[in-house]
Each structure stands twice: as structure tokens, then as C-alpha cells.
Amino acid sequence: MDLSEDKNSPRVFINPKVTPLVEEKQPYEEGCLSVPEVYDSVERPNKVRIEALDENGQKIDEEVEGLLAVCIQHEMDHLNGVIFVDYLSRLKQTRARDKVRKIVKIREKQGEQMADKQPQPSHS
Ligand SMILES: [Zn+2]
């Protein structure tokens, strides 16, 4: 993941193990590339310990909080087949599914239009 402003400092966590360090959960507005244009508040522990290896095989053992802690837990969920929408109410999940379906349709249409504008291969 890369939380740097210039998006040029990716952090790599290999075989991550995440342990919450606080019981209290805090809400944070989350979104996800897998669920385009859906954002909602998810409550997670605000402080976690992450143990992993970095891209050089060096041991990472850090206590992190705030946005980094949220992102680590969000990405960790992905590894376990869970997306943030799974934490929302049934109603919100249904709404999210409808919204994503709509967006996928729009994107497909846009894709077709783009394809129409492409020059057709000519036969010589
Ligand atoms: Zn995600």
C-alpha cells in the first residue's frame, strides 16, 4: 500500500499478521477499488500491531494507528475474502450492489463507445 502524498513510497507487507492493540473501535469512512463509488463508515480498532516481512525479507514489527491502521485492516480483510461492505447493514449492502451494477453497466457502455471510435482495421 502507498499512503504517501506523492504515491511514490509503497510499503510492502509479506505474510502479514495483524493484532488489534485496543478494544475500542473508531469509525472511518472507507472506500474500495473493488466496490467503485461506494463509501461508508466502518468501525475498526484504531491501533494495531503488524508483523510481516518487507520486500527485502526484513522483519517488520510495528505498532501503527490512524489511517495506516485502517488501511492495513482493510487490505488484510481482502486476503481473507472480506470487503468493507460486508460490515454494513443488509440494506446498505443491497444498495451498494445496485450501485456497483449500475456503474459497471455505464463503464461497459463507455467502453463500447470507445471501441466504436477506434479506427477499424482496413484490409489491403
Ligand atoms: Zn479494498
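Trainee: Which residues of H2 are buried?

Mentor: Happy to go through it, keeping in mind that this is a predicted model. In helix H2, the buried residues are Gln93, Ala96, Val100 and Ile103. H2 itself runs over residues 90–117, 28 residues in total, and spans 41 Å from its first C-alpha to its last, close to the 40 Å expected at 1.5 Å a residue.

What do those buried residues pack against? Their partner is strand E3 (35–45), and this strand also holds arginine 44. Arginine 44 counts as buried because its relative accessibility is 5%, which is under the 20% cut-off. Its side chain makes a polar contact with the side chain of aspartate 77, at 3.0 Å. Leaving aside neighbours within four places in sequence, arginine 44 is in contact with several residues, including Glu24, Glu30, Val70, Phe84, Tyr87 and His74.

Distant parts of the chain are linked here, with cysteine 32 in strand E2 (residues 25–32) and histidine 74 in helix H1 (residues 67–79), 42 residues apart. Both cysteine 32 and histidine 74 are buried.

Notes:
Residues are numbered from 1 along each chain as its sequence is written. This is a predicted model: local features need pLDDT of at least 70, side-chain atom pairs count only at pLDDT 80 or more; totals for chains, interfaces and linings use all residues. Side-chain values use heavy atoms; hydrogens and water are left out. Helices (H or I, at least four residues) and strands (E, at least two) are DSSP runs, numbered from the N terminus. Buried means under 20% relative accessible area, exposed over 50%, partly exposed in between (1.4 Å probe, protein chains only). The expected span of a helix is 1.5 Å times one less than its number of residues. Contact means heavy atoms within 4.5 Å. A polar contact is a pair of N or O atoms within 3.5 Å; within protein, one must be able to donate a hydrogen and the other to accept it, and residues adjacent in sequence count only if both atoms are side-chain atoms.
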